[in-house]
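Please look through the sequence and the model below with care, and then follow the paragraphs that come after them, moving from the whole chain to single residues.

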Amino acid sequence: MDENNDDRQDLYDEFESEVVKHGNQEAFFDESDLVEIFDYASDLDNNIVKMEVLIYGAVHYPKSEALATRRAWFYSSFGDFETATEINNRVTNGGVLNQVLDLRVSLPADSPEIETRLNRILSETTDFDDEGIIQLVDFCMESGKEEWLTENKELIQSKCSYPQTFIYEFADRCEEQSNLKQAATLFEELTMLEPFTLDFWQRLATVQINMEDYESALSSADYALAIDPTAVMAARIKGAALYRLERDMKTVADLYTQVLKSPEAEDSDASTLAAALVELNRQDEAIKLLKEYIPTHYNPRTAINVLMVLDIESATQYVNNVIHDTAMNENEALDWAKEHVDREQYTAASVILMAYQNIRGFLFGFEFALETFYYAERYDDIIDLYENHVYRELTESPLPSITYPYVMALVRTGNRQKALSAATEAYKRGSEFREHYDNKAPMRTAIKYSPTTTNSIITGYLAILKNIIQALKSSDEIPPDDFDPIL
């Protein structure tokens, strides 16, 4: 299979160089060559090459039914079903490709007639060629006929001169649709049919590690590395499996060190290597690695996330750079911060939020930012944000996520009298809001609550504020922890 792919790649490269790039319409390619090039370009999703093949074919092989069939498919890919149907109907000796295309353009996906037509194709076909079986599988998976494929798998295979194409496409589409168990079974079958094909082992290992079947993924990756010790994907999967199994971190570090030297290296590779180095008590090396990696790569957020855990001060400048250089919008920044909040990494989340506020300024993220800053103990930043940046309509609305962090930040910084004044004013505004509330003047939040829900929120909000006010008025200096509604 690899040798066949190499031949197709060479043919494709020659056509792209001679015809597409240099416009040499006299370069010789026979009809079968053009079919191979078109189908390979379809695998690569290169519409330019596909179009040039069709133009070249129209000039040199105007009566080619194989190329006419592919021209019909090309039109269908752009949603021009009328033209696709017209061209497809001109093909007098139609095969599987023509029948599948007719199914695709003539019937809705939920049509009960589909399986009848599929059964007819299967019964009438004696030998599925590669492109025919690929399109048949794709159509079935897109039309919810995966069960039909499974039930007829053995019969379909028996009618394929090279059944590996069918199994591979079926496995690939199962993986794409998150049916990982079925995909693993199919890729495993491929490794038994061709035990020395690297790609089959790597695809199997990928599915297994995504299933969190780390032992099996480790075994499959080892088989792949036995075939090609330099295989980057196999090394990555073996390292990841060992890391998940908390086993042999030295080997994990060695594997990812090699992976990072490859042009195929990814952001996650640097992050996993750094994590493995930390497990080996080589934290300084991990920090050095990340500080060298991050500035030379575009938007290396995964690596920055790890550095924020190891050395927040060093990471801060890289957070600023990413937000500035990638034109990150507010939702993206909030989502990035939430990733850290979910792991209770409040300091890291606050660094992201502060960087975004300084570079672009929030429109909607103040509530989340103030609460996150409070958990990160950035009390001075809360006070500055509330007093100088938060919209007045938010500070004057009875919003717990705005009022509580501000009042308690004042308490935590020793400004208890100012905190008492702020809490008293907030209580007054909240009481007035409840007194005059109707559904036409909702709370200034992203969600418009019903009157009942809003009243419940205001009642609780005022009760907590009253408790804070009483604590601050007490002759004894009550510790903040005793009346902090956030903690």
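In this predicted model, the protein carries 42 positive and 88 negative side chains, and the centres of these two sets lie 8 Å apart. The accessible surface comes to about 24,700 Å², and 47% of that area belongs to carbon and sulfur atoms.

Turning to the fold, you will find 28 helices and zero strands in the protein. The radius of gyration is 31 Å, well over the 23 Å that the globule rule gives for 487 residues, and the protein is therefore more spread out than a compact globule. Along its principal axes, the C-alpha trace spans about 95 × 60 × 50 Å. If you consider contacts between residues that are at least 6 apart in sequence, 57% of them join residues at least 24 apart.

What share of the 487 residues is buried? Buried residues make up 48% of them. As background, nonpolar side chains in soluble globular proteins tend to be buried together. Here the largest nonpolar core has 140 residues, and those with the most contacts inside this core are F128, I133, L149, I156, F166, V319 and W336. To see how one of these residues is surrounded, take I156, which touches L122, F128, I133, W148, L149 and F166 when residues up to four places away in sequence are not counted. Apart from that core lies another one, made of 18 residues, among them F15, V35, V49 and L67.

Leaving aside residues up to four places away in sequence, A422 touches Y406, V407 and L410. A422 and A471 are 49 residues apart along the chain, and their C-alpha atoms are separated by 14 Å.

Helix α16 holds K250, and this residue, at 45% relative accessibility, counts as partly exposed. Between the C-alpha atoms of K250 and H340 there is a separation of 28 Å, while the two residues are 90 apart along the chain. In the loop between α15 (232–244) and α16 (249–260) you can find E246. At 70% relative accessibility E246 counts as exposed, since that word applies to values over 50%. From E246 to V35, C-alpha to C-alpha, the distance in space is 49 Å, and the two residues are 211 apart in sequence.

Two further loop residues deserve a look for their backbone angles. Most residues other than glycine have a negative phi. E212, however, has a phi near 65°, a positive value in a residue other than glycine. E212 lies in the loop between α13 (198–210) and α14 (214–227), and at 57% relative accessibility it counts as exposed. For N299, phi is near 50°, which is again a positive value in a residue other than glycine. N299 is found in the loop between α18 (283–293) and α19 (301–310). Is N299 exposed or only partly exposed? At 31% relative accessibility, N299 counts as partly exposed.

Note on methods. Residues are numbered from 1 along each chain as its sequence is written. This is a predicted model: local features need pLDDT of at least 70, side-chain atom pairs count only at pLDDT 80 or more; totals for chains, interfaces and linings use all residues. Side-chain values use heavy atoms; hydrogens and water are left out. Helices (H or I, at least four residues) and strands (E, at least two) are DSSP runs, numbered from the N terminus. The radius of gyration is taken over C-alpha atoms; the globule rule is 2.2 Å times the number of residues to the power 0.38. Buried means under 20% relative accessible area, exposed over 50%, partly exposed in between (1.4 Å probe, protein chains only). Contact means heavy atoms within 4.5 Å. Accessible areas come from the Shrake-Rupley method with a 1.4 Å probe; for residues, only the protein chains shown count as cover. Lys and Arg count as positive and Asp and Glu as negative; His and the chain ends are not counted. The place of a charge is taken as NZ of Lys, CZ of Arg, CG of Asp or CD of Glu. A nonpolar core is a set of buried Ala, Val, Leu, Ile, Met, Phe, Trp, Tyr and Cys residues joined through side-chain atoms within 4.5 Å.
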